[in-house]
Amino acid sequence: MSVIVTDTGFAPEDFTCGFVALSDIAANDCDYGIDLASDTAPTALVGLTNAAMIRIDFPSFADGRGFTLAAMLRSAGYKGRLRAKGHVLADQYAMARRSGFDEVEIDGALAARQPAEQWKFRADWQNHNYQARLRG
Amino acid sequence: MYTYTDFDEAFVRERVAQFRGQVERRIDGSLTEDEFKPLRLMNGLYLQLHAYMLRVAVPYGTLNPTQMRKLADIADRWDKGYGHFTTRQNIQYNWPKLQDVPDMLEALADVGMHAIQTSGNTIRNVTADHFAGAAADEIEDPRAIAELLRQWSTDHPEFQFLPRKFKIAVTGAAHDRAVTKAHDIGLRMVRNDAGEAGFEVIVGGGLGRTPMVGKVLRNFLPKADLLPYCEAIVSVYNLLGRRDNKYKARIKITVHENGLEKIQELVEDRFATIRAGFSGHDQDLLAKIEAAFAPPAFVTKSIGGYEATRLANPAFRSWTDTNLAEHKANGYAIVSISIKKHGATPGDATSDQMRVMADLAETYGHGELRISHEQNVILPHVHKSDLAKVYAALRQVDLATANIGLASDIIACPGMDYCALATARSIPIAQEIATRFDELEIEHEIGQLKIKISGCINACGHHHVGHIGILGLDRAGVESYQITLGGDGTETTTIGERAGRGFSADEIVPAIERLVTGYLGLRRDADETFLQAYRRLGKQPFKSILYPAQDKANAA
Ligand code: SF4
């Protein structure tokens, strides 16, 4: 079972429309979430500004592309829900939030190994933030 | 000099607390070794051949006496009483214990220092001209910009898991002492036609297994655009850089494979968006940082008996001939303290030596010290009337070697003595070469010569840009040393050319001796340096000196 991590800790999935890959988007009665791979080309982000939910994959914690994709979506004006999914570490939670993600989706095994307190330890991601300070 | 604001202080304390937690979580199993690795690397902790190694940042190479004394205390308390200054203006401790590292970091935080981002696939410690603020040929002190970049790159949320490491160097002077063309981003301060200071932005330089000279991405970047422009470059690289092959992951390969024009187009496009997010607050902060780097209050006084002492004391005279550089203020000199005593490990300083250097900086040097990428320590502001006293104090602790810029002022990476990646020894080769030239007593006659040694293809010893470069390889279990010639790391950056077949550990020192004494016979006059002679004559005469037998065989 997936666990959704936010600043308040762990919660179950509450997004009910499900997800489809970017290439499979079709007109539908439900606002699907859109799944983006970590190697999504920046040009493919154009036109996603009105999506309800975007979920970016982290195949490995060492693959930092998702952080830049998130930042690009936000700077292009995307206001919807933005989720990092996959192998994200508790130590990367602040990076995810600062890059523009709202939440992180991890699997049960990772949630068992890195329990909620370890994630909540970085719920203070707005503090000590050099980049926010420099941008003013 | 910049000192930490409350914000900086709170940040490093918080970071130490996080790392303490990460060490505990590694020990209790919350973090696997694989997951812990990038976290310890982000805090400067490597696993070496025999032990952990902690690499402490000396941002843009600048230290005050209190910081230097703390480095000495750390060496005594948690290491073996010495530290090693590196080619990236850092200091490394080779023997810390994992459980002590959070305390070492706490001790560093006490004096406004850290080990953040000194390793890992992130933006590394920003380096700068070690003569910054003192050099006579400077447009502006580049350290303010380097500090701004330090703040921007520190803990940058997008850039902690880049395809590969990312190095930035800044220089404010026409003469490039920061090797900017061998960095992922090199920034050279220039003026435009209107007289405003800005940057020439160089991208994609680097040494390692595929050495490349950086290319100009932008001729003139206004100062105010620096952070968003750098952010655009790294953002483009983060998505475009290769992650399938670690040897092709540096931005130099990204630039090479995609072409400079394509990168330019992508960067300018990304820059337009990112620029809009900066409201100008960074420039207010920069103004404060610049004020903090205001020059010290230089005094105008007589240089006393300086010239008379020089005449009376030949050893002092020789030291002043080699170890001083021109200062922008009247009556002052820039002192380079050689951490390259003949036969010693290049870059290693004991805690006692560190304390003496700290005291000298405090008493005679306006409270400033620098670490150079050439692994020496600099007292940037010493009045000439004090030089004799400084020299005498340095002599007491074996720091008065008069060899800056000469054959024995060798850059050498740690090599097989410490480094897990090494394919050959580099420190002992440096020691033997230095000892040999000392015996021959010809290094002053030889003049300016840069010998640089790396213990493997990763080129931490910058051998590609040595006038003579030595690369230690492993050929079927036997060390083999390859020589490159004609490299140059200044504003006229050149990658050295391979001379020919490698030399065994026994042959390499005699080969270097042959090469250098041979040059003495080739040069036009005593003013023509090794590099100039090489450029004039080309590789052939030097090759004939290196491989005499082979040459004969060819002729026969
Ligand atoms: S050049 Fe190779 S041996 Fe030398 S420090 Fe770098 S990785 Fe280690």
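Tutor: Before we start, contact here means that heavy atoms lie within 4.5 Å. This is a predicted model, in which local features need pLDDT of at least 70 and side-chain atom pairs count only at pLDDT 80 or more, while totals for chains, interfaces and linings use all residues. Residues are numbered from 1 along each chain as its sequence is written, chains are lettered from A and ligands numbered from 1 in the order in which they are written, and side-chain values use heavy atoms, with hydrogens and water left out.

Student: Okay, how many residues of chain A are in contact with chain B?

Tutor: On the chain A side there are 35 residues, and they are in contact with 46 residues of chain B.

Student: And what area is buried between them?

Tutor: About 3600 Å² is buried between chain A and chain B, with carbon and sulfur atoms giving 58% of it; buried area is the accessible area (1.4 Å probe) that two parts lose on being put together, summed over both. A:Tyr130, A:Leu134 and A:Arg135 supply 23% of what chain A buries against chain B, more than any other three residues.

Student: How many salt bridges are there between the two chains?

Tutor: There are 5 between chain A and chain B, where a salt bridge is a side-chain nitrogen of Lys or Arg within 4 Å of a carboxyl oxygen of Asp or Glu. One pairs B:Asp155 with A:Arg98, whose closest N and O atoms are 3.1 Å apart.

Student: Switching to chain B, which domains does it have?

Tutor: The assignment, which comes from an automatic or database source, gives domain 1 (6-59 + 68-109), domain 2 (127-292), domain 3 (304-396) and domain 4 (415-555).

Student: What about domains 2 and 3 of chain B, how many residues are in contact there?

Tutor: In chain B, 11 residues of domain 2 are in contact with 14 residues of domain 3. The area buried between these two domains of chain B is about 960 Å², and B:His130, B:Phe131 and B:Ala134 supply 55% of the area that domain 2 buries against domain 3, more than any other three residues.

Student: Which residue does B:Arg143 form a salt bridge with?

Tutor: Its partner is B:Glu368, and the closest N and O atoms of the pair are 3.2 Å apart.

Student: Last one, which residues surround the ligand?

Tutor: Among them are B:Cys413, B:Cys419, B:Cys456 and B:Cys460, along with B:Pro414 and B:Leu421, each having a heavy atom within 4 Å of the ligand.
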